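Student: I have a chain open here and would like to go through it with you. Can we start with the overall picture and then move to single residues?

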Amino acid sequence: MTELPNDSDFDTLCEAATRLVSLLPHPPATLKISHGLASAELTWSDGFPAVVTTTVDPPLPDDGHIQVRAPLVGTFYRAPEPGAAPYVSVGDSVEVGQQIGIVESMKLMNPIVAEAPGRVVEIPAADAAPVEYDQPLVVIAPGDSSACDTLFPGAR
């Protein structure tokens, strides 16, 4: 890869690549996008249709944010126990698989984890509040250095 002028161009490229890949129905074999001196290439393996039409339900927000949704009906908790610090707060950076809450259902504590790396921008579900299946719990703005490192290992 060509020497990048600065980290902000690389971060912008990674955010764009992460958003693009998250919208695809199947992962590409390669990805190509350009920003400044940075670029990447998108192709599919043999046998994969060139044009894929899919619908997303529910639709992704126009802002590209990822909504972590309740996997079941229950009670949402932001912290491991009453009085403890919350797992995450607005503005916190999160990694894939990082615990960001709990949904209690039938006396079972179900961990809720981040589905993408990024920054928490909203927590629409109140602590200790009942939640419905598929209700948004935490909203994450995707894209941070870990996403860049995943897409372009060793590029920095």
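Student: What share of the 156 residues in the protein chain is buried?

Tutor: Buried residues account for 31% of the 156. Keep in mind that this is a predicted model.

Student: How many helices and strands does the protein chain have?

Tutor: Two helices and ten strands. Along the sequence the pattern reads α-β-β-β-β-β-β-β-β-β-β-α.

Student: What about contacts in the chain between residues at least 6 apart in sequence: what percentage join residues at least 24 apart?

Tutor: For the protein chain that figure is 57%.

Student: On to the largest nonpolar core. Which of its residues touch the most other members?

Tutor: The core has 16 residues, and those touching the most other members are Phe-76, Val-94, Ile-100, Val-131, Leu-137 and Val-138. Strands S6 (99–105) and S10 each supply at least two residues of this core.

Student: Which strand gives the most to this core?

Tutor: S10, with three residues. As background, nonpolar side chains in soluble globular proteins tend to be buried together.

Student: Take Val-131. What is it in contact with, leaving aside neighbours within four places in sequence?

Tutor: With that exclusion, Val-131 contacts Ala-70, Leu-72, Val-73, Gly-74, Phe-76, Val-103, Ala-125 and Leu-137.

Student: Change of topic: what is the volume of the second largest pocket?

Tutor: About 170 Å³. Thirteen residues line this pocket, and the closest to its centre are Tyr-77, Ala-79, Glu-81, Pro-82 and Asp-127.

Student: How does the lining of that second largest pocket split by class?

Tutor: Nine residues are nonpolar, one is polar and three are charged.

Student: Where is Ala-79 found, and is it buried or exposed?

Tutor: Ala-79 sits in the loop between strand S4 (74–77) and strand S5 (93–94). Its relative accessible area is 12%, so Ala-79 is buried, the cut-off being under 20%.

Student: How far apart are Ala-79 and Asp-127?

Tutor: They are 48 residues apart in sequence, and 8.1 Å apart in space from C-alpha to C-alpha. Asp-127 is also one of the contacts of Ala-79 when neighbours within four places are left aside, along with Ala-84, Ala-85, Pro-86, Tyr-87 and Ile-102.

Student: What about His-65: where does it lie, and is it buried or exposed?

Tutor: His-65 lies in the loop between strand S2 (38–43) and strand S3 (66–69). It counts as buried because its relative accessibility is 19%.

Student: And which residues is His-65 in contact with, past its neighbours within four places in sequence?

Tutor: Val-121, Val-139, Ile-140, Ala-141 and Pro-142.

How values were computed. Residues numbered from 1 in each chain as written. Predicted model: local features only at pLDDT ≥ 70, side-chain atom pairs only at ≥ 80, totals over all residues. Heavy atoms only, no water. Core = buried A, V, L, I, M, F, W, Y, C linked by side-chain atoms within 4.5 Å. Buried < 20%, exposed > 50% of the residue type's maximum accessible area, 1.4 Å probe, protein only. Helix = DSSP H or I, 4+ residues; strand = E, 2+ residues; numbered from the N terminus. Contact = heavy atoms within 4.5 Å. 1 Å grid on protein atoms, 1.4 Å probe; cavity = no way out; pocket = protein on both sides within 12 Å on 5 of 7 lines; lining within 4 Å. Points joined across faces, edges and corners; volume = space filled by probe spheres on them. Nonpolar A, V, L, I, M, F, W, Y, C, P; charged D, E, K, R; others polar.
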